[in-house]
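Open the model in your viewer and keep the selection tool ready. This tour goes from stop to stop, saying what to select and what is there.

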Amino acid sequence: MMFRNLVCPVCGASCDDIQVEMTAEGIVAKNACKMGNAKFQELASPHRIRQPLICQGGEMLPSGWEEALDRAADILASSSRPLIFIGSETSCEAMEVGLHLGEYLGGVVDSNSTVCHGPTAMGIQEAGRVGATAGQSKNRADLTVYWGSNPLESMPRHMSRYAVYPRGYWTRRGRFDRTVITVDPRRSLTAENSDLHIQLNPNTDFELLSALLALLHGQQPHPSAEEVTGVAIRQMEEMLELMKGCNYGVIYAGLGMASSYGKHRNAEMAFHLVQELNNHTKFVIGALRGHCNVAGFNQVASYLYGYPFGLDFSRGYPRYNPGEFTAVDLLRERDVDAALVVCADLVSHFPADCASYLGEIPMICIDIASCPTTMLSDVVLPGVIDAMECDGTFYRLDDVPIYFQPFTASPFPFTASNQHTLQQLMERVRGRKEAGS
Amino acid sequence: MSSLIIKNGCLFDPLNGIDGEVKDIFIRDGRVVTDLSGTQRRGAQVIDAAKKTVMPGGVDSHSHVAGAKVNAGRLMRPEDHIRTVRARTAITHGGSGYTIPSVYKQGYDYAGMGYTTVFEAAMPPLEARHTHEEMGATPVLDMGAYMVLGNNWFVMRYLKDGDIDRTAAYIAWMMRTHKAYGIKCVNPAGVENWGWAKNVNSLDEPNIHFDITPREVIRGLAEANELLGLPMSLHLHTNNLGHPGNWEITRESLKITAGLAPSSRAQVPWAETRLDSRRQQTVYLAHAQFCSFGGTSWRDFQSGAQGVIDYVNSAEHVVIDNGAVPFGPATAMTGDGPAIHDLYMLSGQKWSNTDVELECGSGVIPFVYAKSSPISSIQWAMGLELLLRIKDPWKTIMTTDHPNGGVFTEYPQVMTWLMSRKARDQTASECHKWAYDRSSLGEVDREMDLFEMAVLTRANPARTIGISFRKGHLGAGADGDVTIYDIDPSTLDPAHHQNLASALARPYCTIKDGAVIARRGEVLAVPEGRRFYCQPFSDQEEEKEMLSDLKEWFKYYTVGFANYPVPDKYLKRPAPIAVNRPLEALARRR
């Protein structure tokens, strides 16, 4: 049987045209890129965690669901300030429950964006962001700028679905109607396929953006800009002329911008540049949100509590202060005493100090496959794969919500989705807290 | 089942013609009833409202409380959230935000202020799922959302062909698909031009490529609205919003729907009212204050409300909401992307914008209305001038266009200004003198009474958007939503306006569906709110043809046709309204 119009749960592109066929030979996923295809194969993967695990005497041993859930609830209920970290490969519905749990416990709730496009969100808080949904660039854009991003390798269908190749309403010839600029210190695959590659020195995005803004305002950048950025002023002028001269331009900013020196100041400067470009032509900017539903957490946390990530509930109301209430900082400062990690491998991706502290405190992990984080956990609850085994909502890279439906069901009798798992955990924690009070 | 008796209150129920009479109200199973049986009376909860003001629960027909642009505002303004917080309680969630509160805080604040029904005034179809998610997370409030259609490619194409039937078929399908309540038209034809960083500036200027004028869009949408028989009329945000001198285009825009017959054909049981509770208008002008600017520049800026007031006074087909400016911080957010760009050029504040493919646009920018600012002061005066000088209160609704003119929690202050000349004079003495110099507010002696306030904040918003079949009054069969204010009408002295404002801000209690949900601002219960939306019927053959065209053009979207709708599961407590009986639709077509 062929399932159509499925949503891919891998990257922020949320491609919604995936077709899946379950055959005797295995799973065949059509329209998916190599990343997406690999993920669909996970359904029948030998790495899959198929039962709850509890750490006993340093060893992860299989356990019953009730027992694992009890142990997890004990850990959370007895902690005074837990960190609840919700990764991006799960639904907004699960994130909502995670936020409620964090609020109830007076803990801290954070998500992937803290180490991803968090600086971009902070840039928005400084400058605002002039953007558009992806279809605007598909139909109108005759200039696409990839700044610090390499979609051909990180979001393989971005160029073909949204930005460069599609034949839009005013871009009937697809790629031939568009100019592509890549700003990247590396000669990436995307850069090779661009019309202009601005190869700036690493960590000089802020300076290059400032110089472009100065040029846009009719001023000459300081001559040192050439040496600092490694880009000739003549080349900056050429780039700016392309930007001013297009009918509709779009910048897709990647982590190259958000994670270079300057962090959120880079994003802020880019947003200012785009705002000012709108006095000349139509120009928008968007972040190339890499991971699945990473944009969703920002949306859900903002509408439920008022802040996009790093929310502290220790005072009973939400507080936000990146650098203080964000996951890396809390772990580095040893400021939390338990952790619930949902669909994220923190031990692999966080700084070593943070990872080792995670090994010291009791940790619960919900994940589909074993990874360093599950290995250091006290309780592992098997994850359900969103968009394959349960329905829910993702927010796409341009903040458009996409409702996904499963083509199969959760393989576990004890939970239907990560949302369901978190709800059960919440109930049990509540039971303990109310019994104790 | 539960019964509630509200005894001895002074009732203000305009749709039933009740002006302050002492009257008991009976509520059974969430609905107003004329009387209770002896057994029911014995088991009933009784609230003594002697020497108190009793009104139907507040109805906000124009607020921005859910959806992508509201949340863009929340995300970009941590400075708005850090100072205004709400801690969680045993039954309520925590929250934060002053001009753009998080959804929980928003729901509690409305309920604590006596409002039980709130409509989100701009829902972009592609992002309707977002709007529904937020409404779903909002506690207490019954809600619905108007769908933005004034720059929709399909609407523009069908109207360019002069095909009202197909436009109506499209709208009907869209409303069912996205679970929308009404039609919003924002800067018709202009926002499409904003896709190229341009705008339109007059009613007869065709936009780029689609070659359609604002006049054609307004007329077409209004005709389709009446053809479908929707409960509310077109909600119109006019062109040139926020530009000095725009009052003229506003008046001309209102003229466009003159002569159309209002035709509301919701297939619902209507609660009893003494007055006709069906809408009389064919156009509902949004935030009239922002559409009534006079002068030719910011230098000679003045109120242009006179022209709009004169026209509304002479016309029978118009209702306005004012979009009052109560001073203080605000967040401007609208589907009118170019208008927000203009504000960015003026203020240099941080500016966010999101254009939505094939459909619409939006912009968000922080703003402060300062008493020291001459322009803000005139805008304050204009918001009140419009309500006080349009003679018939049934043509006006009080809003702040939250959070554009100001925050909804300022409603009690706005009501106080409407009710007290002394309160107005005092504020005029504190703000820039242009407030009285460049508007007619200083000449207005009118002080609205509690009956008129009930019209402006309950009866008329409900009637204008057609929810009056169950909201906005306390006739038999209406929802048991009641606000009891600590105001004794017999001793009410508008000169003591501080007491008035605080009594309006923290009612004695708010009752929803017959249960007390808030007392003096404190939330006591958090029921799940209803989600109102329309399911208009349109001619099936027409719809089939429309759909084949729609599917052909869907290649320009980035979301597949199958993944476009709002799934049913997003609505926890749906309240669909069937509109346009098949036979009636067919008869009209012939």
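**Stop 1: a salt bridge in chain B**

Select B:Lys52 and B:Asp486: they form a salt bridge, with their closest N and O atoms 3.6 Å apart. A salt bridge here is a side-chain nitrogen of Lys or Arg within 4 Å of a carboxyl oxygen of Asp or Glu. B:Lys52 sits in the loop between β4 (45-48) and β5 (53-56) of chain B, and B:Asp486 in the loop between β19 and α18 (497-505) of chain B, so the pair ties together parts that are 434 residues apart in sequence. Helices (H or I, at least four residues) and strands (E, at least two) are DSSP runs, numbered from the N terminus.

Is B:Lys52 buried or exposed? B:Lys52 counts as buried, at 15% relative accessibility. B:Asp486 is partly exposed, at 32%. Buried means under 20% relative accessible area, exposed over 50%, and partly exposed in between (1.4 Å probe, protein chains only).

A note before moving on. This is a predicted model: local features need pLDDT of at least 70, side-chain atom pairs count only at pLDDT 80 or more, totals for chains, interfaces and linings use all residues, and side-chain values use heavy atoms, leaving out hydrogens and water. Residues are numbered from 1 along each chain as its sequence is written, while chains are lettered from A and ligands numbered from 1 in the order in which they are written.

**Stop 2: B:Asp479 and its partners**

Now select B:Asp479 and B:Arg31. They form a salt bridge too, the closest N and O atoms being 3.9 Å apart. B:Asp479 is in the loop between α17 (450-464) and β19 (482-485) of chain B, and B:Arg31 is in strand β3 (residues 31-33) of chain B, so this pair ties together parts 448 residues apart in sequence. B:Asp479 is buried, with a relative accessible area of 1%. B:Arg31 is partly exposed, at 34%.

Over all chains, the whole structure has 64 salt bridges.

**Stop 3: B:Thr116**

Select B:Thr116, in strand β9 (residues 115-123) of chain B. B:Thr116 is buried, at 0% relative accessibility. Not counting residues up to four places away in sequence, B:Thr116 touches residues including B:Gly57, B:Gly58, B:Asp142, B:Asp481 and B:Lys512. Contact means heavy atoms within 4.5 Å.

**Stop 4: the nonpolar cores**

Which residues touch the most other members of the largest nonpolar core? Select B:Tyr170, B:Tyr181, B:Trp380 and B:Leu418, from a core of 162 residues. Apart from it lies another core, of 86 residues, among them A:Ile124, A:Tyr146, B:Trp196 and B:Val364. A nonpolar core is a set of buried Ala, Val, Leu, Ile, Met, Phe, Trp, Tyr and Cys residues joined through side-chain atoms within 4.5 Å.

**Stop 5: where chain A meets chain B**

Colour by chain. In contact are 64 residues of chain A and 57 residues of chain B. Three salt bridges are counted between the two chains. In one salt bridge, the side chains of B:Asp355 and A:Lys282 meet at 2.6 Å, N to O.
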